[in-house]
Amino acid sequence: MENFRIIKYPQRDEWDALCARPHKDLTVLRETVGNVLTDVRREGDAAVLRYEQQFDGVVLDALQVSETEMQEAEALVSDELKDALRLAHRNISTFHEAQRFDGKKIETARGVVCWQRSVAIERVGLYIPGGTAPLFSTVLMLATPARIAGCRDIVLCSPPNREGKLHPAILVAARIAGVNRIYKIGGVQAVGAMAYGTETVPKVDKIFGPGNQYVMAAKQAVQLDGVAIDMPAGPSEVAVVADDTSNPVFVAADLLSQAEHGRDSQVLLVSWSETMLQRVADEVMRQLQLLPRRDMADASLQNSRFVLVHDSDEAMNLVNAYAPEHLILSVDSYADLGEQVINAGSVFLGHYSCESAGDYASGTNHTLPTSGYARAFSGVSLDSFCRKITYQHLSAEGICSIGPAVCLMAENEQLEAHRNAMCVRIESIKQ
């Protein structure tokens, strides 16, 4: 089938095309995003409510989730799912607690002491996709480290269904993880509401969360207005490296686990075994027919790449060029190949380390850079919710230690006031 045409031994000058992601017309996308953000900034709640009706097909009486709705959600979620959410929350907490920063005071010169202190961002906004799939797992991934970091306000936005409700598991996960305020807002209008503030939604300092290309474009746009974002996190993607020892059933399942996210998701399979590539392709077609979201996954597979390379070194060079959000090394030599990873959001080692484990309950964070941004961005961590404030203290001895150098450097940069600020202190010590 054409979806799974195996690309054999591509030349280096073909790699850019192999690594390209699917995308919409950016001109139309940016115009749409810009118009929505402008309206939300000017009109506040009125614009948000209008766009909720236009984009999510719902007329809302109120944007904020009520305590009654929270209690209804508790009754609708099974005890088994609540237990699973609590297990995942414990593991996510354990992993992120271990990331706490311990700033040490360093004497860089006699009498000069410098250090850093980690301080939580006061108000953060979490965007939780809820359209084709209610990502309650993302609530845990974002709110848990925000709470550990000590963020004062944790604001959550997620698109409602046609009845004006959020998925009950999203609300239960939010309560488990300690979210302060929850709003029934989706898409670009949610990003705008959190970025600029409305009569109902408070303005936040930093916005987190994945989404489609419109959400990603909105997040990038509000940065120009002084609102920080976690990273450009767009459509999901996975790269899998396989060898002769791989289990084609496992590999096919891993590819489909990302393909079912959305029509603009992408999967990449790289191997030096042509036999394995074909076995995986056959298995993907078999498993695809069994999926409830097979139409979504099938559309995503139109963006797929099955690539045959000469050896493991070429495979790793190719996946590093691709810089995937998720990288699965489903090979026997996963430890050696893992050391060769340069560009990836999160890496899964060995035949049993499915990406689904990281998506839900292993403890690592699944909010990761996509679209090649793993070359420069990290996934969400405890540090994402903190700022490092730098301190320094100079004694009289410190002034004598580095003062002359400071004066000389300032003088040569022709910044006389800088030179004077140090020199007056030197003179006061000499008196």
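The model is predicted: local features need pLDDT of at least 70, side-chain atom pairs count only at pLDDT 80 or more, and totals for chains, interfaces and linings use all residues. Residues are numbered from 1 along each chain as its sequence is written, and side-chain values use heavy atoms, with hydrogens and water left out.

**Overall make-up**
- The protein has 17 helices and 14 strands. These are DSSP runs, numbered from the N terminus (helices: H or I, at least four residues; strands: E, at least two).
- The C-alpha trace spans about 85 × 60 × 45 Å along its principal axes.
- Of the 431 residues, 52% are buried. Buried means under 20% relative accessible area, exposed over 50%, and partly exposed in between (1.4 Å probe, protein chains only).
- Take contacts between residues at least 6 apart in sequence: 75% of them join residues at least 24 apart. Contact means heavy atoms within 4.5 Å.

**Aromatic pairs**
- Rings of Phe, Tyr and Trp (its six-membered ring) pair if their centres lie within 6.5 Å; planes under 30 degrees apart count as stacked, over 60 as edge-to-face and the rest as tilted.
- The count by this rule is 5 aromatic pairs.
- Phenylalanine 250 and tyrosine 352 have ring centres 5.9 Å apart and planes at 55°, so this pair is tilted.
- That pair links distant parts of the chain, 102 residues apart. Phenylalanine 250 sits in helix α10 (residues 248–259), and tyrosine 352 in the loop between β13 (346–349) and α15 (355–360).
- Phenylalanine 250 is partly exposed at 31% relative accessible area, whereas tyrosine 352 is exposed at 74%.
- Tyrosine 373 and phenylalanine 377 pair edge-to-face, with 5.8 Å centre to centre and 80° between the planes.
- Tyrosine 373 is partly exposed at 30%. Phenylalanine 377 is partly exposed at 33%.

**Charges over rings**
- Arginine 50 lies over the face of tyrosine 51, 5.3 Å from the ring centre. The rule asks for NZ of Lys or CZ of Arg within 6 Å of the ring centre and within 35 degrees of the ring normal.
- Lysine 388 lies over the face of phenylalanine 101, at 4.8 Å from the ring centre.

**Helix packing**
- The axes of helix α8 (residues 187–196) and helix α9 (residues 213–223) come within 8 Å and cross at roughly 20°. Axes are lines fitted to C-alpha atoms, for helices over the stretch in contact, and angles run from 0 to 180 degrees between N-to-C directions.
- α8 and α9 are therefore roughly parallel (angles under 35 degrees).
- Residues making the contact include Val188 and Val191 of α8, and Val215 and Ala218 of α9.

Note on methods: Parallel < 35°, antiparallel > 145°, perpendicular 65-115°, else oblique.
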